[in-house]
Amino acid sequence: MRPLGRDRSHGRRIPGRASRAVPSVAAFALAVLAALPASAARTAAPIFVDHAEERPAERIMPILIDGASYVSTNDLARVFGATKYWRPEIQKLSLRLGEHTLRFTVDAPIVLVDENGRNLIEPARLIQGVVYAPESIVRRIFEWGLFGDATWDDASRTIRFRSPVHIVRQAQLFPRGRVTEISATLLRCLPPRVLYATPSEIRILFEGGTLDTVRSFEGGIVTGGSIREVAGGVELRLRLGEDAKGYSVSVGSGRLKVSVTDDKDLVDAGLFNKLEPVPIGGPEREVRTIVIDPGHGGTDLGATLRGGMSEKDAALDLARALRSALSQRLSARVIMTRERDVEVSAARRAEIANEAGADLFISIHLDSEGSIKGGGFRVFTLSPGGTGADGQPDAIPEDIDGVTLRPWLGAQASAVGSSMALAQAIADSLQHSFPGTPVLTRQGPMRALEPIVCPAILLESAPAARTGPGATSRGYTIYDYAQTVAEAIEKFVKAARG
């Protein structure tokens with residue numbers, strides 16, 4: 001899959017003092033490149049580092065080695081404040097990041113993370129006395145929970161260090177009889193945005209906030225959950241017990257409080273909001289049309305997958321399998337944005353979905369690089385932040401003669417909460433069906449989804465499962481994948497009916 005929503009122009013400004021620091025780092029990188037062997041080509045796309053107020057911003061300049069992007073372990077040690085240990089006699093390098101240790105072996109595609117082996121696909125390399133690691137290690141440091149003082153923004157390729165003064169602090173869970181409360185200290189008021197609040201799960205974004213530390217919750221009516229910092233603010237996600245009935249959110253007087261209850265009388269009295277299924281399928285909550293969008297097509301080949309197959313062909317195979325699986329499980333009409341190998345513009349794909357009155361939109365892609373190269377899944381939705389792709393606030397829909405008119409690039413804004421609920425349901429199902437396989441959910445400014453009115457997600461898997469009934473990709477076939485996604489959608493649709 002070609003990255004969506006990422007800024008490949010690299011024209012981002014580095015504010016303030018950073019503009020003076022970057023040239024010297026870049027010049028040093030170029031000097032190193034001049035001494036590299038032919039297998040190490042030019043620099044790859046830079047990785048930006050935003051140190052907040054403590055240090056000037058900077059860039060990491062990855063290099064290309066045999067077509068793959070690599071980062072210097074010297075850069076990793078400097079940026080993350082890690083301690084480096086090199087043992088030349090056995091060609092091993094250790095990076096100590098606080099309580100965690102990464103151990104690389106030159107020419108081995110494995111990294112030991114606190115003594116647990118993780119697959120890197122590409123091996124670590126020794127160039128001019130410096131150990132280089134595959135660039136994917138930057139993202140994985142955060143995905144594996146090895147460094148809590150910064151976050152990784154995939155869309156802008158930026159490591160963002162947290163501000164030393166956090167707005168949301170000391171979040172804790174308190175069971176109080178039939179009410180379970182999550183409470184935290186607030187240094188300033190934050191607007192809460194309820195992404196969805198169903199009988200099984202609540203997800204709330206406190207826009208513009210920063211968090212002191214990631215915390216997990218379990219107790220009372222809450223069977224599991226967490227609070228974490230994401231792009232756009234602080235996100236609270238709570239999984240609820242079967243008897244949950246209502247919730248409330250309050251922000252003010254220096255406190256943030258989210259409460260859930262299993263007492264129906266409190267809901268009936270108006271003290272708590274009722275937990276309800278995700279709103280999909282119109283007033284009757286009936287899903288009548290599902291649109292499946294096989295990515296790429298025609299002259300747009302997409303990624304080149306393992307074995308030489310193009311992404312466009314694999315996406316079409318997978319889309320057909322998913323259409324068949326959904327047709328067997330639901331009475332909804334299932335249509336595709338392309339039935340054969342033709343090129344369809346992004347705008348036309350959105351038109352097909354919107355003109356068909358789609359209730360769900362599923363875009364299918366595959367990837368041959370990044371964190372899922374060894375087999376796995378990513379489920380994308382539009383970012384829940386209150387801005388469009390141009391950084392401006394989402395336009396308010398107009399109502400003219402009883403017809404709601406929505407701005408083209410802001411159409412998805414009203415459905416993004418339902419989209420995130422659908423994405424999470426599919427991700428949970430994939431994780432359950434394929435334990436040990438990486439399953440990630442991601443949000444960002446995705447133009448492919450912005451014009452879609454209904455709940456919309458983008459599914460990405462890698463590497464491609466080869467066609468044929470016996471073909472596998474890290475233990476799953478196209479059939480297994482399609483059936484798992486279809487089952488998740490079926491359960492999601494039935495739950496929405498209440």
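**Close-up 1. Pairing of strands β22 and β24 in the predicted model.** In this predicted model, strand β22 (residues 246–252) and β24 run antiparallel and are joined by two bridges. Asn273 of β24 lies opposite Tyr247. Both strands belong to an open sheet of five strands with antiparallel pairing, in the order β15-β16-β23-β22-β24. The edges are taken by β15 (168–176) and β24 (273–274); each has a single partner strand, so one side of each lacks a neighbour in the sheet.

Close-up 2. Five of the five residues of β5 (residues 68–72) are buried. Ala68, Tyr70 and Ser72 point one way from the strand, whereas Ser69 and Val71 point the other way. Strand β4 (residues 63–65) pairs with β5 in the antiparallel sense over three bridges, with Leu64 opposite Ser69. The hairpin of β4 and β5 has two residues between the strands, and Asp66 takes a positive phi near 55 degrees there. Three bridges also join β5 to strand β12 (residues 130–134), again in antiparallel fashion; Tyr132 of β12 is the bridge partner of Ser72.

**Close-up 3. Crossing of helices α5 and α8.** The axes of α5 (residues 311–329) and α8 (residues 478–497) come within 8 Å and cross at roughly 45 degrees. This angle makes α5 oblique to α8, and the crossing is right-handed. Residues of α5 in the contact include Leu318, Leu322 and Arg329, and those of α8 include Tyr481, Val485 and Glu490. The contact residues divide into eleven nonpolar, two polar and four charged.

How values were computed. Residues numbered from 1 in each chain as written. Predicted model: local features only at pLDDT ≥ 70, side-chain atom pairs only at ≥ 80, totals over all residues. Heavy atoms only, no water. Axes fitted to C-alpha atoms, helices over the stretch in contact; angles between N-to-C directions. Helix = DSSP H or I, 4+ residues; strand = E, 2+ residues; numbered from the N terminus. Parallel < 35°, antiparallel > 145°, perpendicular 65-115°, else oblique. Left-handed = near helix turned anticlockwise from the far one by under 90°. Contact = heavy atoms within 4.5 Å. Nonpolar A, V, L, I, M, F, W, Y, C, P; charged D, E, K, R; others polar. Pairing = 2+ DSSP bridges. Buried < 20%, exposed > 50% of the residue type's maximum accessible area, 1.4 Å probe, protein only.
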